[in-house]
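Please read them with the structure open.

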Amino acid sequence: MSAEDTEEPVDVASPLESTEAAVDISSDGSASMKMSQSLPFMENPSVLTGELAGDVGFDPLGFAKTSEDLMNYREAEVKHARLAMLAAAGWPMSELLDKKLALAFGMAPLVDGSDRVPSLLNGGLGKVSIGYWLGCLGLAAAVDLYGTSRKSSLEYAQPGDLGFDPLGLYPEDKEGQLRMQLAEIKNGRLAMIAIFGFAVQEFVTKMGVVDETPAFFMPASAALKMYTNQGYIQ
C-alpha cells in the first residue's frame with residue numbers, strides 16, 4: 001500500500017465559516033450580507049456576531065472596528081448600565097425620603113422647593129458634601145481597579161465580570177447565564193434612558209418626577225390624593 005493510500009484526509013475550513021455571523025448562506029450556496037436585526041435596512045456589522053447578550057447588530061456609526069473594540073465598548077456599556085440602574089432607583093427614592101431623613105438628622109434637605117433632586121440641569125450640586133463626592137470617586141476607582149486586575153485572571157468570563165454574586169443567583173448552566181446577562185443589559189439600557197428622561201422632565205416641567213407621576217412611586221390612595229390636589233381629578 002502506498003503512502004498516498006494511507007494518508008488521512010485533512011479538514012479544511014471553508015473561508016465562509018469565519019464570516020458566518022455576517023452573511024446568510026442561501027439554499028443554492030450563494031452568500032449575501034446579513035442584515036441588522038435592529039436596523040433591517042442596514043448590513044449587520046461583521047464584528048457583531050451575536051456572541052454577546054443583547055447583541056442585535058446595532059452599530060450604525062461603526063464604532064467597533066475589531067473584537068477588542070467591541071469588548072471595550074461592552075465593558076463600558078455594562079458599567080454605565082449598572083450605575084444607571086442604581087440611579088434610576090435612587091432618584092425617586094431621594095425625592096420621597098430626603099426631606100424626612102434631613103428632618104430626622106437635623107440637616108438641610110438636598111431637594112429644592114419643587115422636590116427636584118440636585119443635577120446638572122436642576123442645579124443644587126453645590127449643596128452636596130465634598131466628602132460624599134470623594135467617597136464616590138474612591139469607591140468607583142477601587143471597583144474599576146479591581147475589574148481591571150480581574151481581566152487577567154482565568155475566572156474572567158465576559159465584559160463586566162467582577163465575580164460578585166453574594167446571593168448565588170448566577171446560574172451555573174450556559175443557557176441560564178445568557179438569560180441573566182440579557183436581562184441585565186436590557187434593564188441597564190432602559191435605566192440609562194430613564195435617567196436621561198428624569199433629568200429632562202424635571203428641567204422642563206420644574207417638578208420632581210415623583211410629584212408629576214406619583215402613580216409610579218406611591219400607593220394608589222396617596223397618588224389619587226396628589227392628582228386631586230394638582231387638579232387632574234375633580
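1. Phe 203 has a relative accessible area of 38%, so this residue counts as partly exposed. Phe 203 sits in helix H4. The model is a predicted one, and the values below should be read with that in mind.

2. Phe 203 also belongs to a nonpolar surface patch, together with Leu 120, Leu 121, Phe 196, Val 200 and Val 204. The accessible area of these residues taken together is about 640 Å². For the chain as a whole, the accessible surface is about 16,500 Å², and carbon and sulfur atoms account for 64% of that.

3. Lys 206 itself is placed in the loop between H4 and helix H5 (209–212). With a relative accessibility of 43%, Lys 206 is partly exposed. If neighbours within four places in sequence are set aside, the contacts of Lys 206 are Ser 114, Arg 116 and Gln 201. The C-alpha atom of Lys 206 is 8.4 Å from that of Asn 122, although 84 residues separate the two along the chain.

4. Some overall counts follow. The chain holds 6 helices and 2 strands, and their order along the sequence is α-β-β-α-α-α-α-α. Of the 234 residues, 24% are buried. Considering contacts between residues at least 6 apart in sequence, 38% connect residues at least 24 apart.

5. How many salt bridges does the count give? The number is 7. One of them joins the side chains of Arg 189 and Glu 77, with an N to O distance of 2.7 Å. Because Arg 189 is part of helix H4 (residues 174–205) and Glu 77 is part of helix H2 (residues 67–104), this pair ties together parts that are 112 residues apart in sequence. Arg 189 is partly exposed, at 27% relative accessible area.

6. Helices H4 and H2 are also linked by Glu 184 and Arg 82. The side chains of these two residues form a salt bridge with an N to O distance of 2.7 Å. Glu 184 lies in helix H4 and Arg 82 in helix H2, 102 residues apart, so the pair links distant parts of the chain. Glu 184 is partly exposed, with a relative accessible area of 29%; Arg 82 is likewise partly exposed, at 29% relative accessibility.

7. A further salt bridge is made by the side chains of Asp 115 and Lys 99, at 2.8 Å from N to O. Here the partners are 16 residues apart: Asp 115 is in the loop between H2 and helix H3 (130–150), and Lys 99 is in helix H2. Is Asp 115 buried or exposed? The relative accessibility of Asp 115 is 18%, and the limit for buried is under 20%, so Asp 115 counts as buried. Lys 99, at 40% relative accessibility, is partly exposed. Elsewhere, salt bridges with shared partners connect Arg 74, Glu 77 and Arg 189 into one network.

8. Asn 44 is a buried polar residue to check, with 8% relative accessibility. Asn 44 is located in the loop between strand E2 (31–33) and H2. From there, the Asn 44 side chain reaches the backbone oxygen of Leu 48 at a distance of 2.9 Å.

9. The search of the whole structure returns 4 aromatic pairs. Among them are the rings of Tyr 132 and Trp 133, whose centres are 5.4 Å apart and whose planes lie at 70°, so this pair is edge-to-face. Trp 133 is partly exposed, at 37% relative accessibility.

10. Phe 216 and Phe 217 form another of the aromatic pairs. Their ring centres are 6.3 Å apart with the planes at 70°, so this pair too is edge-to-face. Which of the words buried, partly exposed or exposed applies to Phe 216? Phe 216 is exposed, at 67% relative accessibility, whereas Phe 217 is partly exposed, at 26%.

Methods
Residues numbered from 1 in each chain as written. Predicted model: local features only at pLDDT ≥ 70, side-chain atom pairs only at ≥ 80, totals over all residues. Heavy atoms only, no water. Helix = DSSP H or I, 4+ residues; strand = E, 2+ residues; numbered from the N terminus. Buried < 20%, exposed > 50% of the residue type's maximum accessible area, 1.4 Å probe, protein only. Contact = heavy atoms within 4.5 Å. Areas by Shrake-Rupley, 256 points an atom, 1.4 Å probe, with all protein chains shown as cover. Salt bridge = Lys/Arg side-chain N within 4 Å of Asp/Glu carboxyl O. Patch = residues over 30% accessible without salt bridge, like charges linked within 9 Å, V, L, I, M, F, W, Y side chains within 5 Å. Polar contact = N/O pair within 3.5 Å; in protein donor to acceptor, adjacent residues only side chain to side chain. Phe/Tyr/Trp six-rings, centres within 6.5 Å; stacked < 30°, edge-to-face > 60°.
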